[in-house]
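These are my notebook entries on what I looked up in the structure shown below.

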Amino acid sequence: MSLTESQKVMRNDTGKAIADALVGIRNVLNRNAGKVLYGFHIDPTESDPADAVTYLEDAIGMTPAYMDYTSGVFNYGSWENAFFMPRPCMLKYDGTVDYYLDPSDYSKKFDGITPSDIADDTYNGNAMMEWGQGGKKIWYKIVPDSTPTGARVYIADSKIDDDYRAWSFVNNVGEMVDHFYTPFSSDALDSSGRLRSISGKAYSDLCQSKTAAQEITAAELNNPSTNKLWYTEVYADITLINFLLVLMGKSLNTQAVFGNGRVNQASVPENMLGTGTMNDKGLFYGANGNNDGVKVFGMENYWGNQWRRFAGLVMIDYVQKYKMTRTTADGSTANDYSTSDFSGYLTGGTGPDADGYVTAMEFNEDANFAHSVGGDTASASTYYCDYWYQNSGTRYAVRGGHCNNGLYCGAWCVNLSRAASYTAWNIGAAPSCKPLS
């Protein structure tokens, strides 16, 4: 006997209720075992960027973090000792930590007294942020809603089930490692043309007016041998960091929560900040004006100041293609990142065919992709609050905005209007590292 439509709906609803109950039981067991499971839901129908985010799991009842623009002091809320916080360090070219830095003043070693090498461009390594503390990787799981412009995102300190990802901890030979490293500074070139993360460099020393291929070559000059530890920034790391910003700030408006960044300046290179201007500002710092840079998770100028080109996200005639690891560990068939051949990349969402403020993202199990822009309520204070740039053809991503972009900037600001060969003073890159195990 065939089921009626109402019976089918009832059966599906019952099955979903049972599945949700089992997930709830499993999560309670995990928490009782000492595991941490944070979560949030993004409601695509809510235009207020704070109201669009609802805390889930262990995040329920926690106080969001924010930059107190009156006092000039960052308020961590409930998140100061979160397991996912990175540590500033001096990382040698071979991918080993030389020593850690004072998180309140990078010019000193961790003891707060001994001078560090952060401004010494003859040092055999870079100033970096180390992710993965206490033996805990950062795992995330994305569960898209039935309409995939909404999603639940979970952040855990262990792999709770097989759907959790930790792509940032997969190194360049496909191994899971204990740490990955992101740049402390926006970007700079030393006298040998090597792409560095180092303090004390002027705007004129920033990486600029280079193609994506040239930026990658400069980043790979950090490698001490044929081992591929160093590259430009990558999409997997940016995806994870952006989710953590939403989790901490409980808002999609990263500029409002963490700071505008260096914006609304005249469009000339001299208005870019050099490196190390926020060495003594802690892990987070920002302002709601136009002149100061922004610092999140110990990284200065994460948005604003200068566009940052990164590997792993491209767009071909509006189809967004992506890659989460340098190997095929992510399910792609491409054995490395590329600046020209993206045939082995995975397929994400279809990007909007017009510039504008992002009103919706499309989520899959790995990441999120710009889905729609514009509309009567689209602005710098609604939905994702950041801008999207596009063009047809094959486009290589840059992110964050630059010193002349104003409130177009932010963690969600992505520009997919330029080819990998495009060069300009306001586009740069920064190094990242995934060491060998």
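In which loop does Gly135 lie? I found Gly135 in the loop between strand E8 (125-131) and E9, where helices (H or I, at least four residues) and strands (E, at least two) are DSSP runs numbered from the N terminus.

Before going on, I noted that this is a predicted model, in which local features need pLDDT of at least 70 and side-chain atom pairs count only at pLDDT 80 or more, while totals for chains, interfaces and linings use all residues. Residues are numbered from 1 along each chain as its sequence is written, and side-chain values use heavy atoms, with hydrogens and water left out.

**Entry on Gly135.** Is Gly135 buried or exposed? I noted Gly135 as exposed, with a relative accessible area of 67%; buried means under 20% relative accessible area, exposed over 50%, and partly exposed in between (1.4 Å probe, protein chains only). I also looked up the separation of the C-alpha atoms of Gly135 and Tyr106, which are 29 residues apart along the chain, and it is 24 Å.

**Entry on the hairpin.** Strands E6 (residues 97-102) and E7 (residues 105-109) run antiparallel and are joined by two bridges, and two strands pair if DSSP finds at least two bridges between them. They form a hairpin with two residues between them, and Asp102 stands opposite Asp105 in E7.

**Entry on the sheet.** I followed four strands that form an open sheet in the order E2-E1-E10-E9, with antiparallel pairing. The edge strands, E2 (53-57) and E9 (139-144), each pair on one side only. Within this sheet, six bridges join E1 (residues 37-42) to E10 (residues 151-156), and the bridge partner of Tyr38 in E10 is Ile155. Helix H3 (residues 235-249) packs on the sheet, touching E1, E2, E9 and E10, where contact means heavy atoms within 4.5 Å. The direction of H3 makes about 85° with that of E1; axes are lines fitted to C-alpha atoms, for helices over the stretch in contact, and angles run from 0 to 180 degrees between N-to-C directions.

**Entry on the cores.** Which residues have the most contacts inside the largest nonpolar core? They are Trp79, Phe84 and Phe297, in a core of 93 residues; such a core is a set of buried Ala, Val, Leu, Ile, Met, Phe, Trp, Tyr and Cys residues joined through side-chain atoms within 4.5 Å. The largest share of this core, eleven residues, comes from H3. Not counting residues up to four places away in sequence, Trp79 touches several residues, among them Tyr38, Tyr55, Phe84 and Leu247.
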